[in-house]
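Student: I would like to learn how to read a sheet, its covering helices and the cavities in a model. Could we start with a strand?

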Amino acid sequence: MAVSSSNIKKKHNYCISISKSSLDSLLQQEQQQVTPKIHSPPSNKLKLFFKSSKFLAFLIFLLGFLWVLKMWFKFDPTAPFWQNPCSISSGFLISQLNSNDSISGIEFWEQPDGMGFRPCLDFSEKYGKESAEILEDRTKYLMVVVSGGMNQQRNQIVDAVVIARILGASLVVPILQVNVIWGDESEFDEIFDLDHFKNVLANDVRVVSSLPSTHLMTRPVEEKNTPLHASPEWIRSRHLKRIRREGVLLLRGLDSRLSKDLPSDLQKLRCKVAFNALRFAPNIMELGNKLTERMRSKGRYLALHLRMEKDVWVRTGCLPGLTHEYDEIIYNERKSRPKLLTSRSNMTYHERKISGLCPLNALEVARLLKALKAPKSARIYWAGGIPLGGKDALLPLITEFPYFYNKEDLALPGELEPFLKKASLMAAVDYIVSENSDVFMASHGGNMGHAIQGHRAYAGHKKTIIPNKRQMIPYFMNYSISEIEFEKIIFDLHRDSFGQPEIRTSKNGRDVTKYPIPECMCNNTIPRSSI
């Protein structure tokens, strides 16, 4: 039955001023006369709310909203908020910029023609027959001490496996020398997956964790002076009788000592170790893949390996191009520690620069990427240590490409904690994210740049920009040409420098782990039988 508005009595509110004593008296009387109401506890109200249709409608709305964000903006609720001050966290803006990539930057992301090359590590029949005898041997053991940074150690481990095969010896898990620059005391199984390493090489070389009891008291024959470009013949003539007599051979200082031009089966073994056996430890792989997913959550990305740390400028004999004060720091450091200069000490800084022997600085990297048609919205992961001058040294690059992240920007709180003060583990994380990228470029050569270049070639010739520094630097120093003309010249200089297949045998002395064709990869033009 409807209620007439005329039947509703109007209520009037009055404001009455009373004293505190009168108010207390009234309250006491009301407590005596009125039975207090029993209020439902808050938990009962929450239970009623959760069972109500309003809560169900709210839940459906929330799930729908998250689904729309994920579909439209590729929103990842598990990814961290970007800590980089140059980044833009708006999914809408990033979505718009990525759509612009499809118009202006698509050429930059195009992959080179791999010409059908694929990995093929088919060892010869002779190699297989020799393997049975080598794997049964329990009399000869090779120990190696590897030094340097993670990627330098990686190269020495590859050569150690090959030398063990040449000598027909069992390989004791390599000992990693403490890095004098970083103070990293990581052991082999902290960086690499030891079980995987042993299993992959089970048909090539016997790998043991330690010397057996029969050889523990043996004083090993030690070799510190392996010559450059040592051949299998030299290794056998130098060490085979000694290791048979003493049972244990200890090698140090292996860096780049073994010849780059080996018989085909040993070259294949090199590739097998570098690309298949040396997998990073599970916890490193897990974090590296997580950071890869976070970079890729909003589309394609470029990985840059920047070599701009203080020790790099000192060792290369180059200057960072920041301010006069920083140039003085490098000059004085080099003068006080001349042995840090790695090679060609008779060359001036200008001569090194013109010869393409210096790392690119941030401004040069930015100009090069622009000339190669990288869109401003390109998402960049930068690997490497903190540059001399801190992040201010990166400003020319960040200004041109603001979506600029490193592992510290991408990691959730606590994720990097197990890797702190372990430079080798941090370098391994950088390696994974860089190797997984759509495009990779190193500002300077070095062990990591070369290793990733070879790894990406072996994985199908993923785009890898190889700066043609010797030819392009004169144009960087020529201020008389316009920026448009400069960019056209630089692009033309790099048309064949995007990671296209390249035959290693075109130049002797090239590392097969950097140029895996033809020994480790084949196609219909270069079949297995002709290698």
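Student: Which way do the residues of β8 point?
Tutor: In a regular strand, side chains alternate between the two faces of the sheet. In β8, Tyr301, Ala303 and His305 point one way, while Leu302 and Leu304 point the other way, and all are buried. Buried means under 20% relative accessible area, exposed over 50%, and partly exposed in between, with a 1.4 Å probe and protein chains only. β8 is mostly covered, with 5 of its 5 residues buried. This is a predicted model: local features need pLDDT of at least 70, side-chain atom pairs count only at pLDDT 80 or more, and totals for chains, interfaces and linings use all residues. Residues are numbered from 1 along each chain as its sequence is written, and side-chain values use heavy atoms, with hydrogens and water left out.

Student: In what order do the strands of the open sheet lie?
Tutor: Strands (E, at least two residues) and helices (H or I, at least four residues) are DSSP runs numbered from the N terminus, and two strands pair if DSSP finds at least two bridges between them. Here 5 strands form an open sheet in the order β10-β9-β8-β11-β12, with parallel pairing. The edge strands, β10 (404-405) and β12 (464-465), each pair on one side only.

Student: How many bridges join β8 to β9, and how many join β8 to β11?
Tutor: β8 and β9 pair in the parallel sense over 5 bridges, with His305 opposite Ala383 in β9. β8 and β11 are joined by 4 bridges, also running parallel, and Leu304 stands opposite Met441 in β11. Further out, 2 bridges join β9 (residues 379-383) to β10, where Tyr405 is the bridge partner of Tyr381.

Student: Which strands does helix α11 touch?
Tutor: A contact is heavy atoms within 4.5 Å. Axes are lines fitted to C-alpha atoms, for helices over the stretch in contact, and angles run from 0 to 180 degrees between N-to-C directions. Helix α11 (residues 282-296) packs on the sheet and touches β8 (301-305), β9 and β10; its direction makes about 155 degrees with that of β9. Helix α19 (residues 446-458) lies across β8, β9, β11 (439-442) and β12, at about 155 degrees to β11.

Student: Is Glu309 buried or exposed?
Tutor: Glu309 has a relative accessible area of 9%, so this residue counts as buried. Glu309 sits in the loop between β8 and α12 (310-316). Leaving out residues up to four places away in sequence, Glu309 touches Gly384, Gly385, Ile386, Pro387 and Leu388.

Student: How many cavities of 30 Å³ or more does a search of the whole structure find?
Tutor: On a 1 Å grid over the protein atoms alone, a cavity is a set of points where a 1.4 Å probe fits but cannot get out, and lining residues have an atom within 4 Å of a point. Grid points are joined across faces, edges and corners, and a volume is the space filled by probe spheres set on the points. The search finds 2 cavities of 30 Å³ or more. The largest holds about 50 Å³ of space, and its lining includes Ile163, Thr226, His239 and Arg257.

Conventions. On a 1 Å grid over the protein atoms alone, a cavity is a set of points where a 1.4 Å probe fits but cannot get out, and a pocket is an open set with protein on both sides within 12 Å along at least five of seven lines; lining residues have an atom within 4 Å of a point.
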